[in-house]
Every structure is written in structure tokens, then in C-alpha cells.
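Welcome! Here is a short tour for anyone meeting this protein model for the first time. Please keep the sequence and the 3D view at hand while you read.

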Amino acid sequence: MESAKGLMNLRETLQKAVSLTDMSPFRLAAIIFGSEDFASDIGASRTSDAAELMFARQQVVAAAKAFGLQAIDYVCIDFKDTEVLAKQSEEGARWGFTGKSVIHPLQVPIVQQAFSPSPEKVAWARGLILAFQHHQQEGKGAFVYEGKMIDRPSLLQAQNVVQLAEAVELSGSQE
């Protein structure tokens, strides 16, 4: 997605693309946000905090997730600034992006780390899942886990973390 028109038509474009996969051996897996083209198209000046892209980035994530697709965040063109890349990557991961475009091999490990759950996060998620199952067996709904109220959306978030961790482990074992 690289233009204002593309953003405004994103829902219809994705509906059509997903419907075409029903008649094809190919499957749409992701949408990539092309920030530099988008900024140029709307006449925005690029800034280090990318505030001018916030609305579009959030729209891309929401549309991708609505259609069961991965959302790939914009490329960091200042490829030698690893601190900026790490900050952008961590922000994208928090917002729901599933990856980030890269333009240099030095960027790959930084992006992989940002989009991979930490061992602590995985342990938390697995513990939450077990606690949820225990409370369900007791016929309880919401409960407190590590000081926070937990219900079904929290369980789904924890399951996403574990699923991602298992996918990362699987891809790492195939190298």
C-alpha cells in the first residue's frame, strides 16, 4: 500500500484479492506499507518519529488483520542507525505489525528480535494459558493473574504470543 488512493481503497482491494485466492493456487499472505511512496503521494515531509504516517500505518494493520493477513511495516531507510531501527521495529510490533521491510542485511537481526517474543513474554503467556484453563475448570470467568484482570481477550493475546514463539523456534530449527 503506497498511496492515498490505495489507502482509501484498501478494504475493497483486499476483499477482491482474498476472493481471487479462492480460484487460484496462490494465497495472499501479507500487505506491505510503502512509507516513502505514501509520504511522497500525500506531500508529507518525512520525520524521524514518522508521525505523518501514523494514521496510514494503523489503517494498514487493521485492514490486514481484518482479512487474516500479515501486516508488514515500513522500511527504515537510515539503515545504519540501529537505534532508530530498533525503536521503529518495537513500535511496529506493539501496534500489531507482524514484520518490517528491510533493505540491508544488518537490519535483519534487529528486526527479528523486535518481532520475536522474549523468553519472559513466552513464559508469561504459557502461565496465563494454564491459569485460564484452571479457572475454566472451576467454572470461573475473569480472574487475576500477576496483578491484572484476565478474560478471553487476554487468553487470545497469550495464545498469539505462544504461537509466534513456536513459529520462530520452528523457523530457527530449519536454518
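## The overall layout

The secondary structure of this chain comes to 8 helices and 5 strands; helices (H or I, at least four residues) and strands (E, at least two) are DSSP runs, numbered from the N terminus. Starting at the N terminus, the elements follow the order α-α-β-α-α-β-α-β-α-α-β-β-α. What you see is a predicted model, in which local features need pLDDT of at least 70 and side-chain atom pairs count only at pLDDT 80 or more, while totals for chains, interfaces and linings use all residues. Residues are numbered from 1 along each chain as its sequence is written, and side-chain values use heavy atoms, with hydrogens and water left out.

Along its principal axes, the C-alpha trace spans about 55 × 40 × 35 Å. Of the 175 residues, 31% count as buried; buried means under 20% relative accessible area, exposed over 50%, and partly exposed in between (1.4 Å probe, protein chains only). The accessible surface of the chain is about 11000 Å², and 55% of that belongs to carbon and sulfur atoms. Such areas come from the Shrake-Rupley method with a 1.4 Å probe, and for residues only the protein chains shown count as cover. Among contacts with a separation of 6 or more, 64% are between residues 24 or more positions apart; a contact means heavy atoms within 4.5 Å.

In soluble globular proteins, nonpolar side chains tend to be buried together. A nonpolar core here is a set of buried Ala, Val, Leu, Ile, Met, Phe, Trp, Tyr and Cys residues joined through side-chain atoms within 4.5 Å. The largest one has 25 residues, and Met1, Leu10, Ile31, Phe33, Phe38 and Val60 have the most contacts inside it. Helices H2 (10-21), H3 (35-42), H4 (54-66) and H6 (108-115) each supply at least two residues of this core. H4 gives the most, with 5 residues.

Take Leu10 as an example: leaving aside neighbours within four places in sequence, Leu10 is in contact with Met1, Ile31, Gln59, Val60 and Ala63. Apart from this core lies another, of 14 residues, including Val122, Ala125, Ile129 and Val161.

## A closer look at helix H4

Within H4, the residues Ala56, Arg57, Val60, Val61, Ala63 and Ala64 are buried. Their cover includes helix H1 (4-8), H2, strand E1 (30-32), H3, strand E2 (70-73) and helix H5 (82-95). Just after H4, Gly68 takes a positive phi of about 70°.

## Rings and charges

The structure holds 2 aromatic pairs. Rings of Phe, Tyr and Trp (its six-membered ring) pair if their centres lie within 6.5 Å; planes under 30 degrees apart count as stacked, over 60 as edge-to-face and the rest as tilted. One of the pairs is tilted, because the rings of Phe132 and Phe143 have their planes at 55°, with centres 6.1 Å apart. Phe132 lies in helix H7 (residues 119-137) and Phe143 in strand E4 (residues 143-145), so the pair ties together parts that are 11 residues apart in sequence. Phe132 is buried, at 8% relative accessible area, and Phe143 is buried at 6%.

Two lysines sit over rings: Lys100 lies over the face of Tyr74, at 4.0 Å from the ring centre, and Lys121 over the face of Trp124, at 5.4 Å. A charge sits over a ring if NZ of Lys or CZ of Arg is within 6 Å of the ring centre and within 35 degrees of the ring normal.

Ala50 has a positive phi of about 60° although it is not a glycine. Ala50 lies in the loop between H3 and H4 and is buried, with a relative accessible area of 2%. Glu146, also not a glycine, has a positive phi of about 50°. Glu146 is found in the loop between E4 and strand E5 (148-150), where it counts as exposed at 57% relative accessibility.

Ser89, in helix H5, is buried at 0% relative accessibility. Not counting residues up to four places away in sequence, Ser89 touches Lys100, Val111, Ala114 and Phe115.
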